[in-house]
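My entries follow in the order I made them.

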Amino acid sequence: MAIALTDKIVLITGASAGIGASCARYLAEAGARLILVARRQDKLQHLADELHSQYQTETLLLSLDVRQAAAIAAMMAKLPAHWQAIDILINNAGLSRGLDKQYEAPLQDWEEMIDTNIKGLLYMTRAIVPGMVTRETGHIINVGSIAARYTYPGGSVYCATKAAVKVLSEGLKIDLLGTPVRVTNIEPGFVETEFSDVRFRGDADRAKNVYKGMTPLTPDDMAEMILFAATRPPHVNVSEIYVIPTDQSSATLIHRRPT
Ligand code: NDP
Ligand code: 8X3
């Protein structure tokens with residue numbers, strides 16, 4: 001039987017935009033209580049207000065940079081008692097920076113991607129999964145990418161971070177064997193969010209061009225997949241969900257119509 005999410009506690013990193021914000025909406029509709037994590041508190045507050053008025057959702061907003069291991073540990077240690085038993089962790093916070101060649105890219109871009117996409121995901125996992133093991137219930141949903149499967153020009157460090165997410169998801173499932181805690185890796189192709197604006201540091205034209213003449217996935221498409229994985233019966237572990245737009249067949253093979 002599918003799992004009901006009513007009153008389950010779900011922590012979503014990167015909930016202030018894109019896929020994370022859509023997940024919050026879908027999970028709120030399913031009755032979950034939400035811990036929303038991001039750096040932009042104004043966006044989280046806006047989302048929390050929307051969810052409260054639409055679904056009476058109980059939310060806890062955490063202003064956290066997932067690259068800060070000590071801040072994560074401190075925040076988790078002082079979670080109010082009725083928020084401590086986290087049922088689902090969605091490790092979604094992530095970003096890409098630039099499309100520079102590996103031998104030319106600014107070091108700072110690498111640090112940001114590696115620290116956020118790999119180390120941030122690990123810090124959150126390390127802080128939250130021990131409680132799931134003790135309580136004998138839990139689910140970690142990592143947001144990987146098509147980039148783990150196809151390396152593309154100028155994207156090698158971003159692709160490496162998402163290949164790491166794939167390996168870390170597999171490794172976590174191996175380490176959790178014998179417990180009821182589940183692990184899922186979601187691997188989307190193009191999803192139209194703030195992702196490309198962030199990659200190109202606010203160059204809106206360049207960001208828009210990524211999706212020119214094709215129909216990308218929406219954040220809601222991904223939230224629907226995440227909700228599906230989260231609601232499978234307890235004996236079912238959805239390990240990977242690889243979803244691409246119909247107009248895409250690899251990271252670089254895109255069908256574009258004249259515009
Ligand atoms: P968005 O840029 O729309 O959202 C990214 C989210 O991550 C924001 O909420 C941002 O919040 C948060 N974030 C970034 N850095 C940090 C940090 N250091 N600490 C806390 N939160 C952080 O992009 P998407 O929704 O598209 O991206 C979500 C995930 O999906 C990422 O892991 C991305 O790699 C992955 N993905 C995206 C695809 C796409 O085509 N869009 C395809 C495949 C995977 P804030 O800035 O407020 O902190
Ligand atoms: C985001 C999708 O193809 O831009 O992970 O890397 S892609």
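**Entry: ligand 2**

I began with the side chain of S145, where an N or O atom is 2.5 Å from an oxygen atom of ligand 2. I kept in mind that the model is predicted. Next I checked Y152. An N or O atom in its side chain is 2.6 Å from an oxygen atom of ligand 2. Then I turned to Y158, where a side-chain N or O atom is 2.5 Å from an oxygen atom of ligand 2. I noted the surface too: taken alone, ligand 2 exposes 240 Å², and the protein buries 89% of that.

Which residues surround ligand 2? I listed S145, I146, A147, Y152, Y158, F190, F195 and R199. I sorted this shell by type and got 6 nonpolar, 1 polar and 1 charged. Last, I looked up where ligand 2 sits, and I found it in the largest pocket.

**Entry: ligand 1**

I moved on to ligand 1. How many residues surround ligand 1? I wrote down 30, and the closest are S16, R39, N92, Y158 and T193. Y158 was already in my notes, as one of the residues around ligand 2.

I then looked for polar contacts. In the side chain of R39, an N or O atom is 2.7 Å from an oxygen atom of ligand 1. R40 has a polar side-chain atom 2.8 Å from an oxygen atom of ligand 1. For A17 I looked at the backbone, where an N or O atom lies 3.4 Å from an oxygen atom of ligand 1.

Which elements give two or more residues to the shell around ligand 1? I found α1 (18–29), α5 (156–175) and α6 (195–199). By type, the shell around ligand 1 holds 14 nonpolar, 10 polar and 6 charged residues.

**Entry: the largest pocket**

I looked up the space that ligand 1 takes, and this space is the largest pocket. I noted a volume of about 1,100 Å³ for the largest pocket. I counted 48 residues in its lining. Those nearest its centre are G94, L95, Y158, T193 and F195.

Which of them gives the most? I wrote down α6, with 4 residues. I divided the lining of the largest pocket into 25 nonpolar, 14 polar and 9 charged residues.

**Entry: the second largest pocket**

I finished with the second largest pocket, where about 190 Å³ of space lies. Which residues line the second largest pocket? My list runs I3, K8, D87, I88, E136, T137, G138, H139, P180, R182, A230 and P234. By type, I recorded 5 nonpolar, 3 polar and 4 charged residues in this lining.

Terms used:
Residues numbered from 1 in each chain as written. Chains lettered and ligands numbered in written order. Predicted model: local features only at pLDDT ≥ 70, side-chain atom pairs only at ≥ 80, totals over all residues. Heavy atoms only, no water. Near = heavy atom within 4 Å. Polar contact = N/O pair within 3.5 Å; in protein donor to acceptor, adjacent residues only side chain to side chain. 1 Å grid on protein atoms, 1.4 Å probe; cavity = no way out; pocket = protein on both sides within 12 Å on 5 of 7 lines; lining within 4 Å. Sits in = over half its atoms within 2 Å of the grid points. Nonpolar A, V, L, I, M, F, W, Y, C, P; charged D, E, K, R; others polar. Points joined across faces, edges and corners; volume = space filled by probe spheres on them. Areas by Shrake-Rupley, 256 points an atom, 1.4 Å probe, with all protein chains shown as cover.
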